[in-house]
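Good morning, and thank you for coming.

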Amino acid sequence: MTREEGGGALRKLADDVMVLGNGFFNYYVVGKKEAAVVECGTMAGAAIFARQWEELADKPRIKYLVAPHSHFDHVCGIPLLKQLFPEARVVASATADKIMSREKIVKAMFANDREVSRAYVRAGFLKEEPKPQVETLDVELVVDEGDALEIEPGVRLEILEAPGHTPCSIALYYEKEGMMFTSDAAGYPVDEDLISPVFFQDYDLYVETLQRLMTYPTQAVGVAHGVIPEGQKVEEFYRRTLEATEQAFAFIADRLNQGASDDELAQELYHRFIRGGMAYYSRDTMLSSEMLLIRSVRRKLQGTDGKGGS
Ligand SMILES: [Fe+2]
């Protein structure tokens with residue numbers, strides 16, 4: 001079964017780091033006897049993870065489920081993962097915790113998530129839609145810049161604030177193996193040719209976060225979606241994602257200056273950036289995401305991004 005068929009992408013990235021998921025969404029298991037799962041994904045993604053987990057011979061005890069930011073496709077897998085690992089504690093930032101405890105928002109997230117499940121069933125990746133016992137997202141451990149998750153002796157994940165994609169985003173750095181788990185903070189490498197920039201919160205913060213993350217010695221970038229940059233590709237990835245970010249900003253700014261409407265521009269961005277795993281998300285969800293990019297550019301152009309523009 002290939003990655004595109006929703007099949008296994010289970011492999012080792014380092015001695016004590018495994019990647020699971022279907023390649024559209026990556027789950028990282030960090031630790032050997034005791035471990036953290038970094039990324040919680042969608043319900044559909046968690047169902048694929050559960051399938052792969054079952055086939056795994058040496059299973060570590062999962063202590064933590066890390067939700068590096070609170071977008072629906074990074075948290076709605078939590079109920080299924082909690083069923084699989086009842087002892088594991090859900091970890092997120094304080095801002096993510098606030099968002100994930102708001103009933104109305106959580107309800108909307110699960111509605112979006114069900115669209116992905118349906119698309120996965122239609123595509124044949126899953127036989128049926130996963131049905132979780134609950135649809136709540138309880139954060140059990142709030143973490144902040146400077147904290148660290150001690151997984152097992154020698155395995156430690158440092159928490160870094162990583163704003164720009166969202167205000168609630170964190171990255172996790174595993175120094176021993178040179179792994180930087182960026183979630184969506186460094187963009188979405190769809191394939192060898194395309195990185196989708198996702199500066200939804202703020203363009204400048206997004207660029208600052210990228211510039212900060214790239215200063216850490218890194219052997220692999222644990223992106224949530226798509227191709228995982230490894231070895232010599234790491235430096236190239238950071239360079240390309242910065243370029244893609246600047247180019248997207250310039251493109252949106254140009255089209256706004258030419259008088260393009262937000263709707264028209266969102267459609268153009270949709271055609272430009274939505275490929276690979278994102279194509280299984282609902283079109284409305286993706287168009288709203290593109291709208292966030294447009295607003296982010298407009299805020300910077302108007303100097304209303306809290307930094308007085310540039
Ligand atoms: Fe995201």
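Glu39 lies in the loop between β4 and α1. Helices here are DSSP runs of H or I with at least four residues, strands are DSSP runs of E with at least two, and both are numbered from the N terminus. Before I go further, please note that this is a predicted model, in which local features need pLDDT of at least 70, side-chain atom pairs count only at pLDDT 80 or more, and totals for chains, interfaces and linings use all residues. Residues are numbered from 1 along each chain as its sequence is written.

Is Glu39 buried or exposed? Glu39 counts as buried because 32 C-beta neighbours fall inside 10 Å. The cut-offs are these: with C-beta atoms placed from the backbone, a residue is buried if 20 or more other C-beta atoms lie within 10 Å of its own, exposed if 12 or fewer, and partly exposed in between.

The backbone of Glu39 also deserves attention. Most residues other than glycine have a negative phi. Glu39, a residue other than glycine, has a positive phi, near 95 degrees. Ser183 is not a glycine either, and its phi is positive, at about 55 degrees. Ser183 belongs to strand β11, residues 179–183, and is buried, with 25 other C-beta atoms within 10 Å.

The largest nonpolar core holds 95 residues, and the members that touch the most others are Val30, Ala36, Leu65, Ala171 and Leu172. By nonpolar core I mean a set of buried Ala, Val, Leu, Ile, Met, Phe, Trp, Tyr and Cys residues joined through C-beta atoms within 7 Å. Which helix gives this core its largest share? That is helix α1, residues 43–55, with six residues.

Ala36 illustrates the point. Leaving aside neighbours within four places in sequence, Ala36 is in contact with Val30, Gly31, Lys63, Tyr64, Val66, Leu149, Ile151 and Leu157. Two residues are in contact if their C-beta atoms, placed from the backbone, lie within 7 Å.

Lys33 sits in the loop between β3 (26–30) and β4 (34–38). Lys33 is partly exposed, since 13 other C-beta atoms lie within 10 Å. Not counting residues up to four places away in sequence, Lys33 touches Pro60, Arg61 and Glu152. Arg51 is 18 residues from Lys33 along the chain, and the C-alpha atoms of the two are separated by 20 Å.

Next, His165, in the loop between β9 (155–161) and β10 (170–174). His165 counts as buried, with 27 C-beta neighbours inside 10 Å. Beyond four places in sequence, the residues that His165 touches include His69, Asp184, Phe200 and Tyr206. From His165 to Arg240 there are 75 residues in sequence and 17 Å in space, C-alpha to C-alpha.

I come now to helix packing. Two packed helices are described by the angle between their axes and the distance between the axes. Helix α6 (residues 203–213) and α7 pack at an angle of about 170 degrees, with axes 11 Å apart. The axes are lines fitted to C-alpha atoms, for helices over the stretch in contact, and angles run from 0 to 180 degrees between N-to-C directions. That makes α6 roughly antiparallel to α7. In this scheme, angles under 35 degrees count as roughly parallel, over 145 as roughly antiparallel, 65 to 115 as roughly perpendicular and the rest as oblique. On the α6 side the contact is made by Tyr203, Tyr206, Val207 and Leu210, and on the α7 side by Tyr238, Thr241, Leu242, Thr245 and Phe249.

How do α8 (residues 262–273) and α9 (residues 283–302) compare? Their axes come within 9 Å and cross at roughly 110 degrees. The two helices are therefore roughly perpendicular to each other. Asp262, Leu265, Ala266, Leu269 and Tyr270 in α8 meet Met286, Leu287, Glu290, Met291, Leu293 and Ile294 in α9.

Finally, two exposed positions. Asp254, in helix α7 (residues 233–257), is exposed, with 10 other C-beta atoms within 10 Å. Pro86, in the loop between α3 (78–84) and β6 (89–93), is exposed as well, with 8 other C-beta atoms within 10 Å. Pro86 and Thr166 are 80 residues apart in sequence and 28 Å apart in space, C-alpha to C-alpha.

Thank you for your attention.
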